[in-house]
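Here is a friendly tour of a single protein chain, going from the overall fold to two residues. Please have a look at the structure first.

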Amino acid sequence: LNWTVPEEIAKLLNQAVQAPLVPRAERERLPVLDREGVQGIVPYRDPFLLVDCVTWLDLERGMAATRYDLSRSAALFAGHFPRYPVWPGVLQTEGIGQTGGIVYVMQTGSFDRPSYALTHILAARFLRPVTPPGNVEYIAQVLDEGLLVHVVGQCLQNDSICSVAAVTFL
Amino acid sequence: MSRDQIFYVVKTNIYEIIANADGKEVSEASSMRDFGADSLEIVEVVSRSMKQLRIRVPRTELIGLQNLGELVDVFEKAIAKVQ
C-alpha cells in the first residue's frame with residue numbers, strides 16, 4: 001500500500017497547523033448561508049449535519065469557513081465523556097469534510113447528490129481538546145482531483161487551532 | 001499528447017498506487033484487476049491520471065471498461081475535446 005500524502009496536501013497541512021487559513025476578522029462577517037441554505041446544498045441532516053452556517057466563501061480558491069453550535073450535540077457530550085465533555089476528533093474531521101463538501105457542491109453545481117463516500121483520511125492531528133459550551137469553526141480548502149476530491153481543513157475554537165485534517169471523498 | 005504519453009501517465013500511476021503491480025509488465029491489454037487492484041485503487045489511478053492529463057471524464061463514461069487500452073481511448077477523446 002502507498003500511504004504517502006501528496007506533496008500539495010502536505011504543504012497545506014503544514015500551513016494549517018500554524019495559523020487559521022482565513023483571518024478571524026473575515027470569518028466574523030454575517031453568515032453567507034444559514035442552516036436552511038446549507039441543507040439545500042448538502043444531504044446531511046440532523047443529528048449529523050455538523051455545520052450551522054457558512055460564514056465565509058471563496059469559490060475561486062475552493063475555500064469556506066463554517067460554524068457549528070456545540071449545544072446541538074448535548075446528547076453526545078453526555079457520553080463523551082460524562083465527567084469531561086469533549087467534541088470527538090472524528091466529528092471534527094467530519095465537520096472539515098462537510099465544509100469541503102459545501103465548497104465542492106457550490107463549485108460543481110451537483111446539488112442533487114444523495115450521498116458522499118469518504119475514501120481516505122489522509123492525515124489528522126488533534127492539537128487541543130474542543131469543549132462545550134460555544135461554537136466550533138471549520139475552515140476547509142478543496143483540491144479537486146478528477147474523480148476524487150481532497151479536503152484540507154482546520155477545526156478552531158475561540159480562534160485556536162484544535163485540529164487539522166486532510167480527507168478524501170468520492 | 002500522443003497515445004503513448006497518455007498510457008505512460010496511466011502506467012506510472014498504476015506502479016505508484018497498486019502495490020502488486022511492482023515488477024510486472026503493464027500493457028494496454030492489461031486490466032488493473034490483473035494486479036489485484038481493489039475498487040478504490042482503480043479510482044485513485046483514474047483520478048490521479050485525469051488530474052495529470054488536465055481532463056474531466058464523467059463517471060458514466062468509465063463504466064464497463066475492460067482494459068487499459070479502453071481507458072486510454074476515453075482519455076484520448078477527452079484530451080481531443082479540450083484541445
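A residue counts as buried when its relative accessible area is under 20%, as exposed when over 50%, and as partly exposed in between, using a 1.4 Å probe and protein chains only. With 11% relative accessibility, Arg35(A) is therefore buried.

Before going on, a word on provenance: this is a predicted model, where local features need pLDDT of at least 70, side-chain atom pairs count only at pLDDT 80 or more, and totals for chains, interfaces and linings use all residues. Residues are numbered from 1 along each chain as its sequence is written, chains are lettered from A and ligands numbered from 1 in the order in which they are written, and side-chain values use heavy atoms, without hydrogens and water.

**The chain as a whole**

Chain A holds 5 helices and 6 strands, arranged along the sequence as α-α-α-β-β-α-α-β-β-β-β. These elements are DSSP runs numbered from the N terminus: helices are H or I with at least four residues, strands E with at least two. The C-alpha atoms fill a box of roughly 45 × 35 × 30 Å along the principal axes. Of the 170 residues, 48% are buried. Contact means heavy atoms within 4.5 Å; among contacts with a separation of 6 or more, 66% link residues 24 or more positions apart.

| Residue | Element | Relative accessible area |
|---|---|---|
| Arg35(A) | helix α3 (residues 35–39) | 11% |
| Ser163(A) | strand β6 (residues 160–169) | 1% |

Both residues also take part in polar contacts, that is, pairs of N or O atoms within 3.5 Å; within protein, one must be able to donate a hydrogen and the other to accept it, and residues adjacent in sequence count only if both atoms are side-chain atoms.

For Ser163(A), the polar partner is a side chain: that of Gln92(A), at 2.7 Å. Leaving out residues up to four places away in sequence, Ser163(A) touches Gln92(A), Ile96(A), Arg125(A), Phe126(A), Leu127(A), Gly153(A), Gln154(A) and Cys155(A).
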